Amino acid sequence: VASGSVLALALGAYFVGRPVRRIVTKMARIGEGELDEPLVLPGRDELSTVAQAINRMCARLAEARASLAAETEARIKALEQLRHADRLTTVGTLASGIAHELGTPLNVVGGRAKRILRGASAEEVGQSAKIIVEQADRMTAIIRQLLDFARRRGAQKTRADLGTLARGVTALLAPLAAKQSVTLRLEEPPPEARAEVDAGQIQQALTNLVMNGIQAMKGGGELSVSMARARVAPPPEIGGAAGDYLALTVRDRGPGIAPEHLPHVFEPFFTTKEVGKGTGLGLSVTWGIAREHEGWIDVQSEPGAGATFTLY
């Protein structure tokens, strides 16, 4: 009996225990994401059948993972194309305002050049040349701003000063605002207005919000941009505990948003603007940028009282 028991234990450990340990090890590797190496158990018993089933499961999981990776990559590319399309749409809108902004320095350059051609004195030539250089630098800076905004770039988060970003956006949009008789007012940012962001994406998001406000203020007026630190809880649809956020607020004095339109303002291609005045992509792209930066956008509006968009 003793010999038979020892033999049974030895055979059980060899034919059952060892294969079971290999199955357990394989399942642990699957849990860690290793799906490549197949599990091979000799024989035609139940354990070898289990091993074959595990191998088939790994093959299907690998196919699903590859398919998911491809879909994710395609989705990211589609988002980037959508954002770039939105940027180009914005550039087209900005171009008219910037063309008007370039008119003044071009007139100055032309006038000074004509004065030099007419045979001005050496002192006047030097003064005119200095003014021409200053105006050329001004035009170069304006064009560089527009090209920087239009350039396609990959997402790259770094610690950036949002106050500096906001000043760049208001300077870029000032000509467009002036054409609409809108005054842009940037309130002084808090001392520490830095965050880990993709500067180009935040610039695009803030530009979309400011442009949306400018286009809404058909009768002109003042549009304000401000930022502050706030401890708030995300809205219920996002969830999560309260935390410290940097809030960028754009407040316009337009006609406001109708209550029935408020739930839809961030939907792609939803717009209440006239044909040719907007694609309805701007706010949708801005919402996506906010979510990628672990934030969200809040909108408050009443008909006739303007609208306030806050990017957290």
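The model is predicted. Its largest nonpolar core holds 38 residues, its second largest pocket has a volume of about 380 Å³, and ring pairs join Tyr 245, Trp 296 and Tyr 312 into a cluster.

**Nonpolar cores**

- Within the largest nonpolar core, the residues that touch the most other members are Leu 162, Leu 206, Val 210, Leu 223 and Phe 309.
- Three helices are among the elements that each supply at least two residues of this core: H4 (162-179), H5 (199-216) and H6 (282-292).
- Strands S3 (194-197), S4 (221-232), S5 (243-251), S6 (297-301) and S7 (307-311) likewise each supply at least two residues.
- Once neighbours within four places in sequence are set aside, Leu 162 is in contact with Ala 193, Val 197, Ile 202, Met 227, Leu 246 and Leu 248.
- Another core, of nine residues, lies apart from the largest one; Ile 30, Leu 41, Ala 51 and Ile 54 are among its members.
- As a general background, nonpolar side chains tend to be buried together in soluble globular proteins.

**Second largest pocket**

- The second largest pocket, with a volume of about 380 Å³, is lined by 18 residues.
- Ala 195, Val 197, Leu 246, His 293 and Tyr 312 are the lining residues closest to the centre of this pocket.
- Strands S3 and S5 each supply at least two residues of the lining.
- By class, the lining of the second largest pocket comprises 10 nonpolar, two polar and six charged residues.
- Val 197 and Leu 246, both in contact with Leu 162, are listed among the residues closest to the centre of the second largest pocket.

**Aromatic pairs**

- The count of aromatic pairs comes to two.
- Tyr 245 and Trp 296 form an edge-to-face pair, at 4.8 Å centre to centre with 75° between the planes.
- This pair links distant parts of the chain, with Tyr 245 in strand S5 and Trp 296 in the loop between H6 and S6, 51 residues apart.
- Tyr 245 counts as buried because its relative accessibility is 17%, and Trp 296 counts as buried because its relative accessibility is 5%.
- The rings of Trp 296 and Tyr 312 have their centres 4.7 Å apart and their planes at 20°, and the pair is therefore stacked.
- The pair of Trp 296 and Tyr 312 also links distant parts of the chain: Tyr 312 lies in the segment after S7, 16 residues from Trp 296.
- Tyr 312, at 22% relative accessibility, counts as partly exposed.

Notes:
Residues numbered from 1 in each chain as written. Predicted model: local features only at pLDDT ≥ 70, side-chain atom pairs only at ≥ 80, totals over all residues. Heavy atoms only, no water. Core = buried A, V, L, I, M, F, W, Y, C linked by side-chain atoms within 4.5 Å. Buried < 20%, exposed > 50% of the residue type's maximum accessible area, 1.4 Å probe, protein only. Helix = DSSP H or I, 4+ residues; strand = E, 2+ residues; numbered from the N terminus. Contact = heavy atoms within 4.5 Å. 1 Å grid on protein atoms, 1.4 Å probe; cavity = no way out; pocket = protein on both sides within 12 Å on 5 of 7 lines; lining within 4 Å. Points joined across faces, edges and corners; volume = space filled by probe spheres on them. Nonpolar A, V, L, I, M, F, W, Y, C, P; charged D, E, K, R; others polar. Phe/Tyr/Trp six-rings, centres within 6.5 Å; stacked < 30°, edge-to-face > 60°.
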